[in-house]
Amino acid sequence: MFSFILRRLLMIIPMALVVVTLTWGLVRIAPGNFYSGEKKLPAGVEATIRKKYGLDQPWYTQYGMMMSNIVRGDFGDSLKYQGQSVNEIIRRHLPYSATIGILGYLLALTLGLTAGTIAALRQNSWFDYGSMSLAMFGLSVPNFVLGPILVLIFSFWLYLLPSARLGGPLSLILPVVTLAAIYTAYIARLTRAGMLEVMRSDYIRTARAKGLDERSVLLRHAIRGGIIPVVSFTGPALAALLAGTVVVEKVFAIPGLGNIFIQSVLNRDEPLILGIVAFLSILIMVFNLIVDISYGFLDPRIRYE
Amino acid sequence: MINSIKFIALTFPVFYMLKKRSSYFLIAVAALILSVLISGCSSSARGKYFGKTVAPTDNVLRYVTGSEPETLDPHISSGQPEARIYMALFEGLVEYGPKDQQPIPALAKSWEISPNVDEFIFHLRDNAKWNDGTPITANDFVYSFRRAFSPEILSSSAELGFFIQYAEAFKTEQVFVKNGDAFLLSKDFGGDEPKPHVAFGPETDFNKFIHEPARLTLEGDEKARAKQIEADPKLKAAVNGAEFVPVKAEDIGIEAIDDYTLRITLRQSAPFFVGLLAHQFFRPVPQHTIRTWGKDWIRKEHIVTNGPFRIKDYRPYDALVLEKSPNYWDAANVHLDRLEFYPLEENSTILNLYKAGAIDAFLNHSVLTSWTEEVRLYKDEYLNFPEASTAYYSMNVTKPPFNDLRLRKAFALATDRVSLSNYRKVTKPLYDLTPSGIFPEYDKAREKVSEEIRKERGIAPEVWANYRKFDPEEARKILTEAGFPVKKNGDTYSCPNFPTDAVSITFNTNENNRGIAEFVQAQWKQNLGITVPLKSQEFKTFLKDRHDVQYVGFAQSLWSGDYMDPYTFLGLHYGYPNNGDAGFNDPKYNKMLDDANAELDPTKRYEMLARAEFYVMEQQPSVPLTINATNWMKKPYVKGMYPNPGTLFAWKFVYIESDPAKWDHDVENIMADSDPQFERQLNELTATQKAVTK
């Protein structure tokens, strides 16, 4: 198992560099430059800028320079936000998206697992129909609709919560709930499906035959197998959440990484794009690794080669 | 409260139904509630003010200024959101007037203009300091201008300052040509004949140098220079054996005559130049801290500023918190204790914050079209005033079909700008390059010139009134004459010969732009029987196509004036390449503008500019669409904040009025309404300059 983890960890670096290379190519193919704006730059000024940023060099020289910096962990300064390094920007804004993301996911896990499990245990009951209809609703209402509706109710009708901007724990509630809605729905449905399958399997019958009470059957045996689909889903979902969610950040004016990522692409801010892409790809690979390792604990039948 | 009761009453049946185990019914009820919730927003009763309206007790103004500032360095960013921040942090020679944006004294208490309007002397205050206590002298401006023009500084506004002698040559790393002891002169290689020098201010060595006949400058890059020399045999002979001397910062036409007197020398006369100096590009930066910290001087722990406010806290993408600066020379007249900028772009979020009373005012163009009808009813808060900003479709005149003037005219005539403006709700129709209602004196000159031309051509006034405006019949006639016959089929028209696949309306992806494009498309279809395809592009991709004039047919363009003179619009099609993005270049037009700018009498100059504008619009390089409007809101307790044409505020005039009796009301008249405190402050500030002009 140790060699499995080591192998996977070592794979992360070359994979991330491949992702960065592909992204760099795409950025270069996209028309327009970080310095282009509504106003056209005089040709002389443009030439000076291109020289300053090495854009007058052949592409392989530029690629080489970019790669040698990145390998050393230095993504350089943002082109748009001058004087701010990419590492600094990521470090500064990650905590915002991470807070909202983790809280949202915890809420989604709590509600989703509970609802999904109960729905599976009481299949075809009113709770099953009710919660699954609600889940369907949660999946189909996009968060740019849900967010403003929550604002309308809780900020303008009930005057309970601030409509946007962070400041105090109360301001976290609406963004977290908006973010959690779709994940709750997804997790509830995954849990229900997983649990239904597990509850019918042979080892559960064996556990019951041993004379275990229903509570132990559920908590010690069934849940572990039942939530495997949820665990698979959690890896990429959590990575995406940590890196920010554009819509929720925009609606609630949260200075998270998601919005900055989108803006960096629109701005053709190459170092920032590459920095966030590299960070994101590493994050996804690490979370996938954690997910893969956790399978072994959840399901004794899974072995690592 | 009634609303919350409504909410509970409506949700109660859901919980009841849950017990009935009927999920279909549940979905139906949920849908019903949702629809009531959504429709509920429009049925709520309208109060006097839009949402929560309570003056802040801690003397703070909370303002949304648009996107996150690129940088706190005023020389680098050219954006309007940044401009408003710099106006609080950095004070220049002059400031934008709060109502009309005409220059008012700032660090310069007065200025003088040379008879040729190409040289300016500024008298600085001797009591102005950086907020760390260091005095501000004329040398700070010399340093700042040299820095702003240096090739090292990536500034997209540098072009504004190219009127200053040798500024362009320095910025673009050009070289002088020295042959023996003498430099080659521009006039010997096609440059203008130098005007006789009129002494203005004390004669110094620098002043003698800058008034020598202008030197020839060539490209700094060797390859480009070789090409340039190769193209001109006379030049080739002259540079043989000559030495190339790089243009230095010290060559730019700015000079500190003494600690508190500054002289700026231009390469041509520019009557609007003083107004330009309020632009962020010309605001001073602290040389003493830049020398210590390098590019890190803008970090909040190092930054030193000289404006009415200084930085208290900066959390990028969240808030920039400023506080009143005690070292500011005019601190006694700064009314706010704190000024908070929130960088937000999502219009619905901004309006929500405003409605919730979490912000006091927000930037221009931020009211969503779908909210306009409701919001404009709040007459004490909604500010929709003409803006120094236009929208038009550039036409690619370098390619068929729009290399044919007749076709350009036909499409312009077939566009009903009045109904477009009604549809857009907040804008006004535009028929020229320069928006009307922004430059009152120029508007008069235009009327006069138009009347003169009408008489020259002997056209009846009632016919003239509609000249170049909406005239679909004339448009069809012109199109038919140009070889694209328009046929009438019942109520509709068709123009089968027109190559619709050779044109499109290209715009950058955005709901507003699409709305305009669809509207115009429908009009051309209705009036000419031509369906021009639409093409939506991502912003930077679109910009490249437009700047390189690679689009076909029409490209959406917006232009915001950089300074308060019509030339900021008329210059769009001046020279080549230009910012008109139509591929249009007409030596006659260029000459008309040059001649006008050389004219020293302001009224006469405006008339000459108006003639030039009339001429260029008859060449129709664009289809003018709308004059944009400010379209923003402020709470009635915010005073001293006026809807000027650029939405740029001299923050020291702004204050919070706690007494509701003195709040602004009916802001449609806000420009004319009297505010004694504001007027006294403005009069005191402008008195020093008025004394000089008298």
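**Exercise 1.** Which residues have the most contacts inside the largest nonpolar core, and how many residues does that core have?

*Solution.* Keep in mind that this model is predicted. Start with the size: the largest nonpolar core has 164 residues. Inside this core, the residues with the most contacts are B:Phe122, B:Ile264 and B:Trp651. Next, see what supplies the core: its largest share, eight residues, comes from helix α22 of chain B, residues 602-619. Now zoom in on B:Phe122. Once neighbours within four places in sequence are set aside, the contacts of B:Phe122 include B:Leu93, B:Trp111, B:Tyr260 and B:Ile264.

**Exercise 2.** In what order do the five strands of the open sheet in chain B stand, and which strands are at the edges?

*Solution.* First write down the order: β12-β13-β14-β1-β15, with mixed pairing. Then look at the ends. In chain B, β12 (309-315) and β15 (361-362) each have a single partner strand, so one side of each is left without a neighbour in the sheet. Finally, check one pair: β1 of chain B, residues 60-64, runs parallel to β15(B), and two bridges join them. Here B:Val64 stands opposite B:Phe362 in β15(B).

**Exercise 3.** Where does B:Asp595 lie, and what is its relative accessible area?

*Solution.* Find the helix: B:Asp595 lies in α21 of chain B, residues 587-598. Its relative accessible area is 35%.

Technical notes
Residues numbered from 1 in each chain as written. Chains lettered and ligands numbered in written order. Predicted model: local features only at pLDDT ≥ 70, side-chain atom pairs only at ≥ 80, totals over all residues. Heavy atoms only, no water. Core = buried A, V, L, I, M, F, W, Y, C linked by side-chain atoms within 4.5 Å. Buried < 20%, exposed > 50% of the residue type's maximum accessible area, 1.4 Å probe, protein only. Helix = DSSP H or I, 4+ residues; strand = E, 2+ residues; numbered from the N terminus. Contact = heavy atoms within 4.5 Å. Pairing = 2+ DSSP bridges.
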